[in-house]
Amino acid sequence: MSTTLGTPTLRSGLSDVPSLADGEALSKKDFTSSAEVRWCPGCGDYAILAAVQGFLPELGIRRENVVCISGIGCSSRFPYYLDTFGMHSIHGRAPAIATGLATARPDLNVWVITGDGDSLSIGGNHLIHALRRNVNLTILLFNNRIYGLTKGQYSPTSEPGKVTKSTPAGSVDAPFNPISLALGAEATFVARTLDSDRKHLTSVLRAAVSHRGAALVEIYQNCPIFNDGAFQMLKDKDSATARLVRLEHGEPVRFGPEDRPKVVVRTAEGGVEAIDEDAADGREVVVHDARAENPAAAFALSRLDDLSMAHVPVGIFRDVDRPTYDDLVRAQVGDAVQAAPGGGDEALTQLLAGNDTWTVS
């Protein structure tokens with residue numbers, strides 16, 4: 001099992017990617033392109049970009065072996081600002097393109113950068129199948145609960161009643177919970193963090209990249225123009241202490257101020273709830289197990305989060321091992337090539353033609 005909590009071994013998720021030569025090292029500057037960064041002043045994307053650029057040198061791999069695939073949206077400018085290979089691709093289709101790349105090129109570390117509109121609306125189908133297939137990708141989902149690039153329409157994570165240009169009388173949609181969605185799709189790594197918490201963001205990125213398989217990281221991100229302050233109650237120090245439920249593998253789920261701590265306990269219906277620790281009265285306090293094969297407990301924790309943001313879990317919800325789609329596909333192709341007479345090109349021709357062919361004269 002990969003070590004993804006505490007101090008991870010980064011090579012576990014990059015076992016096929018060539019390392020730097022002995023004594024060779026890269027810095028943040030090496031991963032920063034010369035392109036002018038063009039986001040609105042105060043956008044949370046700046047903080048995420050700085051964290052990623054600062055973290056990439058830790059991987060110990062060449063820039064040529066890193067690829068950033070994005071869809072459409074403000075977050076999707078990322079490939080321009082990283083001095084790596086990259087592609088600003090099609091709306092919602094970044095996971096599909098990245099799946100092909102990860103399958104064909106095991107020597108690459110492939111990232112997908114997407115937003116709540118890009119990945120959960122037109123791209124919803126592509127996202128859930130990349131997760132269930134367990135493709136070896138690191139997927140960063142920037143969630144600002146709005147369409148920013150197209151100037152402020154409601155998104156699949158906008159709260160009911162949200163007044164926007166496309167919902168002037170208020171949204172009547174029930175929003176997605178991206179963490180619950182990912183866990184329902186059997187994603188092997190699921191986490192949540194915030195754009196403004198550099199330390200926590202970097203630790204989650206480190207764990208995600210060290211994981212071999214599909215790693216989804218939801219990042220609460222502020223849009224200062226069209227949805228300013230959407231997560232302010234999670235960023236104000238006093239308010240955040242009372243609301244943020246920091247998940248740590250193997251630890252009881254406790255949070256809140258020292259003078260009034262809260263715990264998460266199980267309910268009779270099989271879910272969980274947050275209560276004052278003084279009121280626990282012998283009830284079983286949940287001990288977080290990110291490595292449980294069954295995602296039910298992690299899913300229950302994801303449901304603590306609601307529109308009031310009274311209790312918002314952050315950290316790693318799930319981190320389990322399962323064979324990856326790209327490894328399995330390459331193994332199948334390798335077996336077929338080895339079994340085919342002549343191997344190589346002849347084997348490929350045989351795979352493409354198969355037995356169901358005919359000639360038209």
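Good morning. Glu-218 counts as buried, because its relative accessibility is 0%, where buried means under 20% relative accessible area, exposed over 50% and partly exposed in between, with a 1.4 Å probe and protein chains only. The model before you is predicted, so to speak of local features requires a pLDDT of at least 70, side-chain atom pairs count only at pLDDT 80 or more, and totals for chains, interfaces and linings use all residues. Residues are numbered from 1 along each chain as its sequence is written, and side-chain values use heavy atoms, with hydrogens and water left out.

Let me begin with the partner of Glu-218. Its side chain meets that of Arg-192 in a salt bridge, at 2.9 Å from N to O; the term denotes a side-chain nitrogen of Lys or Arg within 4 Å of a carboxyl oxygen of Asp or Glu. This pair links distant parts of the chain, 26 residues apart: Arg-192 lies in strand β5 (residues 189–194) and Glu-218 in strand β6 (residues 215–220). Helices (H or I, at least four residues) and strands (E, at least two) are DSSP runs, numbered from the N terminus. Arg-192 is likewise buried, at 0% relative accessibility.

How many salt bridges does the structure hold? There are 19. Another of them joins Glu-284 and Arg-266, at 3.6 Å from N to O. Here too distant parts of the chain are linked, 18 residues apart: Glu-284 is in the loop between β10 (272–276) and α9 (296–302), and Arg-266 is in strand β9 (residues 262–266). Arg-266 counts as partly exposed, because its relative accessibility is 34%.

The loop between β10 and α9 also holds Arg-283, whose partner, Glu-273, is in strand β10, 10 residues apart from it. Glu-273 is partly exposed at 31% relative accessibility, and Arg-283 is partly exposed at 34%. Elsewhere, salt bridges with shared partners join Asp-16, Arg-212, Asp-326, Asp-327 and Arg-330 into one network.

I turn now to helix packing. Helix α1 (residues 45–55) packs against helix α7 (residues 198–210) at an angle of about 50°, and their axes are 10 Å apart. Axes are lines fitted to C-alpha atoms, for helices over the stretch in contact, and angles run from 0 to 180 degrees between N-to-C directions. The two helices are therefore oblique to each other, since angles under 35 degrees count as roughly parallel, over 145 as roughly antiparallel, 65 to 115 as roughly perpendicular and the rest as oblique.

Which residues meet there? Among them are Ala-47, Ile-48 and Phe-55 in α1, and Leu-201, Leu-205 and Val-209 in α7.

Is α1 enclosed or open? Of its 11 residues, 8 are buried, so the helix is largely enclosed by the rest of the structure. The buried residues include Asp-45, Leu-49 and Gln-53. Their cover includes α2 (78–81), β3 (109–115), β4 (138–143), α7 and β6.

Finally, consider Thr-324, in the loop between β11 (312–319) and α10 (325–339). Thr-324 is buried, because its relative accessible area is 2%. Apart from its neighbours within four places in sequence, Thr-324 is in contact (heavy atoms within 4.5 Å) with Arg-133, Asn-134, Arg-212 and Gly-213. Thank you.
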